[in-house]
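Please look at the sequence and the structure before reading on.

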Amino acid sequence: MKVIMLGAPGAGKGTQAKMIADAYGIPHISTGDIFRANIKNGTELGKKAKTYMDKGELVPDALVVDLIMSRFAEDDCRNGYVLDGFPRTIPQAEALDAALEKNGEHVDVAVDIEVPDENIISRMGGRRACTNCGATYHVKYNPPKVDGICDVCGQKLILRDDDKPETVKNRLNVYHTQTQPLIDYYKKKDILRTVDGTQDMNKVFADIKAILG
Ligand code: ADP
Ligand code: ADP
Ligand code: ZN
């Protein structure tokens with residue numbers, strides 16, 4: 001099964017993608033997590049990506065597409081995957097479709113998590129991330145067991161630089177102009193499904209499970 005998560009920054013894509021990955025036994029692939037790991041390890045790719053990410057802008061398509069194609073070649077992708085944060089532009093979606101078509105494959109479902117902009121800013125301010133394992137928390141809606149410490153791996157949690165309000169506003173603009181057109185793209189292919197992302201995260205997941213079967 002190949003699933004794409006769509007939605008504004010902070011809509012809950014990562015949270016839901018992890019639950020899908022666990023429930024369906026497929027890998028969760030987050031381009032944002034891959035970039036952050038590269039930044040942490042000081043790679044060339046990380047250095048390039050950081051200049052865009054810090055401003056809340058998108059990393060150029062060519063860099064992202066190369067990165068994701070090499071990830072798909074890994075063994076764990078044989079039975080599908082859940083993509084979180086890719087594609088984010090029409091050219092990325094077209095590159096994905098072209099690559100899959102070559103092997104007679106296709107995306108099964110694009111799940112759009114709808115959350116109004118008003119809710120996003122407060123959600124992002126409360127987001128805490130583990131830079132070690134990628135787990136995500138929220139100080140109010142999904143707190144870790146011990147304040148500031150990752151439940152999964154015990155490392156310190158951080159507020160991402162790009163989750164500060166000024167950058168979030170820019171990321172929302174970028175989302176509306178560059179990523180939202182993907183909703184129509186997948187609607188036309190008849191694989192778009194929409195869920196109400198303002199609900200409690202377990203209810204959102206129940207709705208997604210009903211869609212994925
Ligand atoms: P969020 O989970 O809040 O939507 P991500 O972790 O997915 O944020 O992305 C963080 C940043 O990484 C983005 O603002 C962008 O700069 C970069 N990025 C991640 N995925 C992509 C992509 N598919 N195309 C371009 N840039 C990307
Ligand atoms: P995205 O990957 O789309 O940027 P995340 O999954 O990282 O979004 O979620 C953004 C923030 O909102 C996190 O702090 C997360 O814990 C929290 N969150 C996710 N889903 C919900 C929900 N349904 N209700 C309230 N908060 C949520
Ligand atoms: Zn962790």
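A polar contact is a pair of N or O atoms within 3.5 Å; within protein, one must be able to donate a hydrogen and the other to accept it, and residues adjacent in sequence count only if both atoms are side-chain atoms. This is a predicted model, in which local features need pLDDT of at least 70 and side-chain atom pairs count only at pLDDT 80 or more, while totals for chains, interfaces and linings use all residues. Residues are numbered from 1 along each chain as its sequence is written, chains are lettered from A and ligands numbered from 1 in the order in which they are written, and side-chain values use heavy atoms, with hydrogens and water left out.

Q: How far is a nitrogen atom of ligand 1 from an N or O atom in the side chain of threonine 31?
A: Threonine 31 is among the closest of the 21 residues that surround ligand 1, where near means that a heavy atom lies within 4 Å. The distance from the ligand nitrogen to an N or O atom of the threonine 31 side chain is 2.8 Å.

Q: Which side chain has an N or O atom 3.3 Å from an oxygen atom of ligand 1?
A: An oxygen atom of ligand 1 lies 2.8 Å from an N or O atom in the side chain of arginine 127. The side chain with the 3.3 Å distance belongs to arginine 160.

Q: Along the chain, what spacing do the donors of the zinc ion (ligand 3) follow?
A: Donors are N, O and S atoms within 2.8 Å of the metal (3.2 Å for Na, K and Ca), and water is not among the atoms, so sites may look incomplete. The zinc ion (ligand 3) is coordinated by the SG atoms of Cys130, Cys133, Cys150 and Cys153, at 2.3 to 2.4 Å. Their spacing is C-x2-C-x16-C-x2-C.
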